[in-house]
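Here are a few notes from my pass through this one, to read with the structure open.

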Amino acid sequence: MKVEAFQIAEEIDLKKFRAEYTTPPLIANSSELLYQHNENQFFYLLSYGVVAFAGVDNLAESALLKFIRTYAKDHVTEDYREDVAVNVKPDSGVIFDYNSITIPELSPNALRLIMLNISQSVALDYYEALSDEILKNTKKMTRQLEQTGRLRGSQKELMQFIGKTLSIKNSIVDDLYIFDAPDSAWENELLGRIDDAIKRTLDLRMRYRDIDYKLKIVHENLTVFTDILQNRESTRLEWIIIILIMIEVVHLFWK
């Protein structure tokens, strides 16, 4: 069975989708929905804009993606996707190769774990691209400060930039449960081994820490930039006050 995951948007309205989609979900909560499309065909929606498919053919996959996009907000135009082949061998252990996983039995909970981790991997690719872009812009501002001794742009623009950085960081913390395995993985030894094997193979924890480290560097730099802009604003206000006092003095002498 082939499992594929796509980052299609920054958010999917799961509540509205569940209310309007006629088939009841196999698993449902505020952050995820798992549906059985046909026999041995499943699709999985996550609130942070990722859709995953298992055993779904290309034609049905395209139709479902088109339909799900109508419930998405802030669509992602770039192509972020990942796939893995799931093999079932009753007498095997949990074996994760570069692009495939072999498990002894396939259940909705096992499939959900695989789809969840593949989806998190795709989301990490998306957030990594965003953090790289922000870090690149921060380095550009740092070089500008080094070369000219001043920052270009208004305080409003910098505050918007800080807001974007914090928004990405909050999204990672709120949406990607990299360190928290679902309850089913704690209650079932096989599910726990599947979850741990996928996380280690896809290097989810390390990639999460890498993004978090980049955002911390950006945040520290932006704190310095904010202080510089506040000092610049204070200096501007001081000059305005001095000019007003001079005008008042000149007016007094003129009278």
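1. Start with the lining of the largest pocket: strand 2 (9–12), helix 3 (108–148) and helix 4 (155–175) each put in at least two residues. Bear in mind as you look that this is a predicted model.

2. Which helix gives the most to that lining? Helix 4 does, with 5 residues.

3. As for size, the largest pocket comes out at a volume of about 210 Å³. Its lining counts 12 residues, and those closest to the centre are E10, Y127, S167, I168 and S171. I'd centre the view on these five residues.

4. Now the backbone. N40 is not a glycine, yet its phi is positive, at about 60°. You'll find N40 in the loop between strand 4 (32–38) and strand 5 (41–46). Is N40 buried, partly exposed or exposed? Its relative accessibility is 49%, so N40 counts as partly exposed; the exposed class needs over 50%.

5. D203 is another non-glycine residue with a positive phi, this time near 55°. D203 sits in the loop between helix 6 (189–202) and helix 7 (204–254). With 37% relative accessibility, D203 also counts as partly exposed, because that class runs between the 20% and 50% limits.

Methods. Residues numbered from 1 in each chain as written. Predicted model: local features only at pLDDT ≥ 70, side-chain atom pairs only at ≥ 80, totals over all residues. Heavy atoms only, no water. 1 Å grid on protein atoms, 1.4 Å probe; cavity = no way out; pocket = protein on both sides within 12 Å on 5 of 7 lines; lining within 4 Å. Points joined across faces, edges and corners; volume = space filled by probe spheres on them. Helix = DSSP H or I, 4+ residues; strand = E, 2+ residues; numbered from the N terminus. Buried < 20%, exposed > 50% of the residue type's maximum accessible area, 1.4 Å probe, protein only.
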